[in-house]
Every structure is written in C-alpha cells, then in structure tokens.
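Here are a few exercises to work through with the model open beside you. Try each task before you read its solution.

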Amino acid sequence: MHDLVVRDLEQARNRTLGLTDLDDPTLVTQHDPLMSPLVWDLAHVGQQEQLWLLRAGDPARPGMLPPAVDALYDAFKHPRAERPSLPLLPPVEARAYDHEVRGRVLDLIEHTPADELFTAGMVVQHEEQHDETMLATLQLRLADHRDGVRAAGPGLYGGFAGLGGRRRRPGGSSGGRLTGR
Ligand SMILES: [Fe+2]
C-alpha cells in the first residue's frame with residue numbers, strides 16, 4: 001500500500017513539474033480570467049499537501065510558510081480573478097517549497113499505518129485535479145495564440161482548425177466545468 005501511494009504521489013508530481021516547466025513570465029501570467037497563474041497552482045499543491053498531511057488539516061497549526069504567505073494559497077480566501085495580483089512565491093521558490101514538503105511527507109508516510117493512508121490518496125487526487133486545471137490553462141493560452149494567428153490572416157497557417165474546433169465564448173468565458181480550485 002505504501003508503495004502505491006508513493007508511486008501515485010510521484011506520478012502526480014511529475015505531471016505538475018512537466019506542466020510547469022516553462023519560463024517565469026509564462027508561469028506568473030494569468031492566461032485566462034477563469035484560471036490562476038500557473039505559479040499559484042504550483043505552490044498550492046504543496047501548500048495543500050502540507051496542510052492535510054503535515055498539519056492534520058488544521059490551518060491554525062504552524063506551517064512551513066509564514067502565515068500570510070500560506071494564506072495566499074487558500075482557494076476560498078482568494079478567487080482566481082485576484083490571484084495574479086497576490087505576492088505569490090516566485091517559481092523557483094514554489095518548486096523548492098513543494099520539494100521540501102514532499103520530502104517530509106515521504107518520511108511521514110513511511111511510518112504511517114496502511115489503513116491511515118486515505119488522506120494521502122486524497123492529496124494525490126487533489127494534485128491530479130490541479131494538473132488537469134493547469135493543462136486546461138495551457139490549452140486556453142494556446143487557443144489565444146492560435147486566435148491571434150488566425151486574426152493576422154489566412155496566409156500564415158491558413159485553414160488551421162484550432163483545438164478540435166473549440167471556440168471560446170465572447171468575453172473570454174470558456175464554458176464547461178473546471179476542476180481544481
Ligand atoms: Fe486545490
């Protein structure tokens with residue numbers, strides 16, 4: 001059981017790191033009003049992992065981040081629209097934080113009875129949901145780029161169909177339900 005949880009945690013993290021293997025300007029930009037800057041998701045997965053596995057879900061317990069910084073990654077306090085204006089951790093610090101949390105979590109899991117690993121499974125699913133959200137963000141970014149190419153004229157990539165023919169609604173709403181708060 002421990003091996004499976006560790007494997008799933010690592011798989012989710014590999015996806016997260018793969019999706020955020022981008023330059024800093026791309027990570028800190030909000031590519032769509034419905035979505036967070038990717039750097040917010042990047043640190044949020046670590047913050048939630050720490051909260052639920054190292055602080056027993058109690059935000060009043062001391063964490064690894066200063067309380068004011070920790071609170072930046074509370075999805076209920078900060079809706080997506082305002083996240084670009086928050087003093088978020090830069091990408092390099094977000095990655096280092098996630099790495100530090102994960103090291104402590106792996107140490108803890110090693111000494112956790114198998115029948116108490118349920119919360120770790122939930123943390124895996126949470127990170128997977130954010131991986132899905134980040135992928136959607138990147139697709140929206142790509143769609144914007146393609147719309148720009150299309151607006152520039154048919155001579156560039158003439159006939160390009162976009163993301164499966166998907167079109168965005170006026171005003172920027174993509175429609176559909178997005179996971180990962
Ligand atoms: Fe979340």
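The exercises below go from the whole chain to single residues.

Before starting, note that this is a predicted model, in which local features need pLDDT of at least 70 and side-chain atom pairs count only at pLDDT 80 or more, while totals for chains, interfaces and linings use all residues. Residues are numbered from 1 along each chain as its sequence is written.

**Exercise 1. Describe the overall make-up of the protein chain.**

Start with the secondary structure, taking helices (H or I, at least four residues) and strands (E, at least two) as DSSP runs numbered from the N terminus. The protein chain has six helices and zero strands. Next, look at burial: a residue is buried if 20 or more other C-beta atoms lie within 10 Å of its own, exposed if 12 or fewer, and partly exposed in between, with C-beta atoms placed from the backbone. By that count, 25% of the 181 residues of the protein chain are buried.

**Exercise 2. Find out which side of α1 is buried.**

First list the buried residues of α1, which are V5, L9, A12 and T16. They cover an arc (taken from the directions from the helix axis to the C-beta atoms) of only 70° around the axis, so they sit on the same side of α1. Then turn to the other side of α1, where D3, R7, N14 and G18 are exposed.

**Exercise 3. Work out how α3 is placed in the structure.**

Begin with its length: α3 covers residues 38-54, and its 17 residues reach 24 Å from first C-alpha to last. That is close to the expected 24 Å, where the expected span is 1.5 Å times one less than the number of residues. Now count burial: 15 of the 17 residues of α3 are buried, so the helix is largely enclosed by the rest of the structure.

**Exercise 4. Explain what stands out at A56.**

Locate A56 in the loop between α3 and α4 (67-70). Check its backbone: A56 has a positive phi of about 50° although it is not a glycine. Most residues other than glycine have a negative phi. Last, check its surroundings: A56 has 9 C-beta neighbours inside 10 Å, so it counts as exposed.
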